[in-house]
Each structure stands twice: as C-alpha cells, then as structure tokens.
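Subject: Structure for you to look at

Hello,

Here is the structure I said I would pass on. My notes on it follow below.

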Amino acid sequence: MRSILLAAVLAGSTAAPALAQDETPEAAAVQQAALTEEEIAAIPMPELVFEPSANDIDNYEKYFYFHRADTDFNEAYADILECDALASGFRIYAGASEPYPGYYGSQYGIGGVIGGVIGAALADAIHGSAARREARRANMRNCMAFKGYARYGLAKDLWEEFNFEEGNGREPEPQRTEALMQQARVASGPTPAAEAIVP
Amino acid sequence: MIRLLALALAAITIITTPATAQIRERDIERGRTTIEADRGYIYLETDGRFFGIFLRVPEPEDYVAYEQAREDQFAELQEQYARDYAAFERAYANARERRWRLPTAPEEPTMADVSVTPPELQDAASFGPGSDFAHDDDTDRRAYLTVVRPGTYVWYGPVMYDTNQGFVGACNCMGTVMFDVVPGVVTDLGDFLTAAPRYADRGGAQMEEFGNFSVVGLLGSRTVSLPTQSREPSFGLPESLAAWAGEPVEFRAAGKMNNFYGTLVDRLPPIDGVLEYRRDQVIDARTGEVLETLTLPQNSTPSEAEL
C-alpha cells in the first residue's frame with residue numbers, strides 16, 4: 001500500500017520538468033515545483049512511537065530523525081535534499097556563479113566524489129563502507145543542526161522503514177526519493193513527544 | 001572488477017590534488033628563494049600543526065580556458081577514435097575473411113569522457129601539516145608560507161590529501177571567509193583562521209569527528225586536533241621576511257560551497273565583524289547582507305559572447 005501511495009506522489013512530483021541530462025537529481029529536485037497539499041498528504045507518515053530499550057538508546061548515534069517546529073514540508077524537503085547532496089559530495093550549489101544554465105551539471109555529472117573520510121576505501125571495502133556510513137550520518141547531523149533542526153533517537157527497525165545507508169554505493173533514486181520525502185514529512189510533522197538528543 | 005576499479009579511478013581524476021608550494025624559512029635564509037613579482041604568497045601561523053586548502057575564485061577567462069581545454073581534449077579523443085575505428089575496420093575485414101571471432105567496434109567518445117579539472121579547483125592550494133615555514137619547538141607555534149596564483153581565495157577548510165586515505169578533513173562548505181592575494185606581496189593571515197572563530201557559537205553536531213583527523217605519515221599515524229580556543233588574532237611577518245613586501249589581510253564572509261572533495265561538511269564558526277549566521281544562512285557581518293548560496297562566492301559571470 002505504501003509503495004502505491006508513494007508511486008502516486010512520485011508520479012505527481014515528476015510532472016515537474018523531466019530531469020535533463022545535465023542536471024543532478026538534487027539540483028533538479030530543489031528547483032522543481034513545490035508539492036501540493038494533496039501530494040504531501042499522500043506521503044506516508046512513518047511510525048515514530050516506541051518504548052526505548054537500553055540497546056536503542058546506545059544506538060541513537062546511528063538511528064535518528066530530525067524535526068523543526070513551524071516548518072512546512074517543502075521547506076524541510078529542500079533542507080534535507082541540500083544536506084543529502086552535501087553529504088553525498090554532489091554539486092548542488094550553482095546559482096549566480098554558474099557561467100550558464102546547466103554548467104555545473106554538465107561538468108560534474110551525477111557522480112559523487114570518492115574520497116573524504118572513507119579512508120582507503122578502494123583497498124578495504126569493509127572499513128570504507130563503515131566509514132562512508134559514519135561520514136554520512138555526521139554530515140547529515142551537522143548540516144541539519146546548522147539549519148536549526150533538533151535530533152531524536154529512534155529504534156533501528158522503525159528507522160529502517162524510511163532511511164537508507166550507502167556504505168557500498170548509491171541507493172536507486174526512487175528509493176532515495178521515497179525515503180527523503182518521508183524524512184521531510186517527519187521533520188515538518190507534529191512535534192515529537194520524545195525529548196531531543198544532542199545535535 | 002578491473003573495469004570497475006578503472007571506472008572509479010577515472011571518476012576521481014577530475015578532482016586533482018591541490019598544488020602544494022610551501023616555502024621554508026631556511027630556503028630564504030640561504031638565499032635559495034626570493035619573492036617573485038607575479039606570484040602571490042599566503043602566510044599564516046597556528047598553534048600546533050595545521051592543514052588546509054584555499055580555493056581561488058575563478059575569473060571569466062578561467063572558464064573560457066577551461067572550455068577550450070575540454071574542447072581540445074574532446075578533439076583528441078575523436079582523433080583517437082578515428083584511428084581506433086580504422087584499425088577496427090581492418091581487423092573486422094580480416095576476421096571475417098578468415099572466419100575468426102569478430103572484433104567489437106570502439107565506442108565513440110562523448111563529452112562525458114572528457115576529464116579536465118574544473119576552474120574552481122584548478123588553483124586550489126594546500127598547506128600543512130608538514131613542510132612548515134618555521135616552528136618553535138618550545139611552544140609548537142608553526143608558520144606556513146604558501147605560493148599561489150594571485151586572486152581571490154576562499155578558506156575551504158582543514159582538508160588535506162593523504163596518500164593512504166584520500167581527502168581527509170572537513171570543508172567549510174556551509175560558510176567561510178575569503179580574501180584577496182595581490183601579486184608580489186605576502187598576504188599576512190596571522191593566526192586569524194584558527195584564533196578568530198567563536199568556537200563556543202559553532203552550533204552543529206557535537207561530534208569528535210569534527211575536531212580530530214587522523215593523518216597517516218611515513219612514521220605512522222598521528223592525530224591532528226583542530227583548534228577550539230578563540231582568542232584575539234595576531235598578525236605580523238617574521239624577521240626572515242623583512243625584505244619581502246607584506247600586506248595585512250582583509251577578510252570578508254563567503255557563502256556556501258560544494259563538497260568538492262567529498263569530506264565531512266562543516267562551516268567556519270562565526271567571527272566578530274566578519275561572519276555571522278542566521279540558522280544556515282551566511283551573513284556578511286559588515287553589511288548584514290545574506291550571502292547567496294553559491295559554488296564559489298562573488299564569482300564573476302562571463303557573458304555568452306565571452307564564452
């Protein structure tokens with residue numbers, strides 16, 4: 001059921017200009033028209049209520065979500081896309097410095113950058129994978145904290161319902177979009193009953 | 001597997017390692033190095049080892065040169081393709097005649113096959129953590145003197161290329177400062193970059209990852225800890241540079257940048273009179289103006305005619 005609903009939302013959202021070859025998915029997504037209330041309502045709200053065990057609390061470094069009061073979905077979604085792109089090493093910023101429309105997309109393509117804190121990833125896939133996941137978590141936390149979002153811990157099984165980890169390559173775009181939209185739904189949704197944890 | 005690795009390597013060739021041209025004090029004292037009128041010089045001091053990258057803001061002619069380099073490289077690829085295709089045709093005819101397995105035609109190149117370092121990274125300059133200009137063994141105070149192409153530079157952040165790990169560190173992708181480097185003069189940054197930021201107002205995630213970086217060197221791994229103590233910045237060139245023209249730096253706020261090197265994402269903490277934030281908006285503290293979210297700030301845009 002969830003997939004069907006999301007498919008409808010995605011079909012609606014891709015009614016915006018099709019992704020040109022020279023645009024990154026993030027840049028295109030940020031530029032696309034805001035979602036309508038109907039489209040937003042069709043995005044399933046993930047389950048966030050749980051009774052935390054000691055193990056859950058130990059794992060809050062890995063499993064968490066963001067929320068900011070007085071923030072609508074489209075604002076939260078743009079923020080999440082921006083942070084996701086920065087965390088992925090994508091070129092999202094162009095703006096007035098772009099020599100001509102599509103310049104950055106055409107120069108950089110949609111590939112991310114290999115490197116960063118992944119540490120010898122080519123030689124050590126396991127270590128590299130773990131480091132990449134860790135770097136992504138750190139980057140999302142930092143970026144969203146600068147944007148004023150609070151962080152809340154979540155149980156692993158609930159987290160997995162609307163998040164992804166990219167230790168060994170990029171998730172397929174539809175799954176990424178689905179997850180990021182749900183994260184934006186949570187970030188702009190009702191204020192969590194749980195207490196926020198350190199940013 | 002080999003192909004996958006080759007593709008991965010091809011993907012990173014576009015991100016070249018920043019140039020490192022460090023001058024050491026002893027080279028000046030021994031007369032091996034003198035100031036050059038057409039070069040720029042960035043002098044800075046830190047308490048303890050430090051490292052980082054400055055990105056030069058491209059000028060319109062840099063984009064023109066970049067486009068030309070891309071077209072030149074594409075023309076070369078096309079010429080190579082023409083040679084490869086002619087060889088393929090001969091091999092194909094030969095194989096058909098002898099009823100051998102037919103060879104596969106070469107793939108025609110596209111612009112996607114062209115790999116030229118983008119203008120924003122062409123004049124990237126790195127310094128540290130080794131090759132310091134001078135250091136005080138008692139206090140561990142260190143100085144770095146970097147030779148650069150004159151222009152406007154953005155403090156990209158404590159990022160370095162480690163041969164064992166790739167790019168390590170955290171970029172100031174969400175806000176930083178920039179400054180001008182004029183030719184034939186040493187631009188004196190003093191210890192501003194590490195002393196002036198208000199670390200107590202950093203915000204962001206509270207994680208050790210943003211304060212310590214492991215650097216693998218010839219003598220093993222060591223950790224470089226980033227400064228966390230704010231204090232009044234100090235300026236002034238050392239006695240050894242007395243004969244060189246020096247100029248104090250003027251910093252101004254710079255907007256967001258892409259995570260070019262795929263490192264951790266951070267921002268320079270606010271700095272009195274220079275850099276402030278409103279959530280993630282970057283504010284020029286001198287004017288109160290919100291800076292655009294740009295790949296590189298205040299970048300001049302060439303007209304279509306120029307391109």
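Please keep in mind that this is a predicted model.

I began with one residue in chain A. A:L180 lies in helix α9, which covers residues 173–187 of chain A. A:L180 counts as buried because it has 21 C-beta neighbours inside 10 Å, and the cut-off for buried is 20 or more. Leaving aside residues up to four places away in sequence, A:L180 touches A:I80, A:L81 and A:D84.

Next, a helix in chain B. Helix α3 of chain B takes in residues 60–98, 39 residues in total. From its first C-alpha to its last, α3 of chain B reaches 57 Å, close to the 57 Å expected at 1.5 Å a residue. After α3(B) comes B:R99, which has a positive phi, near 60 degrees.

Chain B also has a sheet to look at. Five strands form an open sheet in the order β4-β3-β7-β10-β15, and the pairing is antiparallel. At the edges are β4 (125–127) and β15 (252–254) of chain B, each of which pairs on one side only. On average, neighbouring strands of this sheet are turned by 35 degrees against each other, direction ignored.

Within that sheet, I looked at one pair of strands. Strand β3 (residues 52–56) of chain B is joined to β4(B) by three bridges, and the two run antiparallel. Opposite B:F54 stands B:A125, in β4(B).

Regards

Key
Residues numbered from 1 in each chain as written. Chains lettered and ligands numbered in written order. Predicted model: local features only at pLDDT ≥ 70, side-chain atom pairs only at ≥ 80, totals over all residues. Helix = DSSP H or I, 4+ residues; strand = E, 2+ residues; numbered from the N terminus. Buried ≥ 20, exposed ≤ 12 C-beta atoms within 10 Å, placed from the backbone. Contact = placed C-beta atoms within 7 Å. Expected span 1.5 Å × (residues − 1). Pairing = 2+ DSSP bridges. Axes fitted to C-alpha atoms, helices over the stretch in contact; angles between N-to-C directions.
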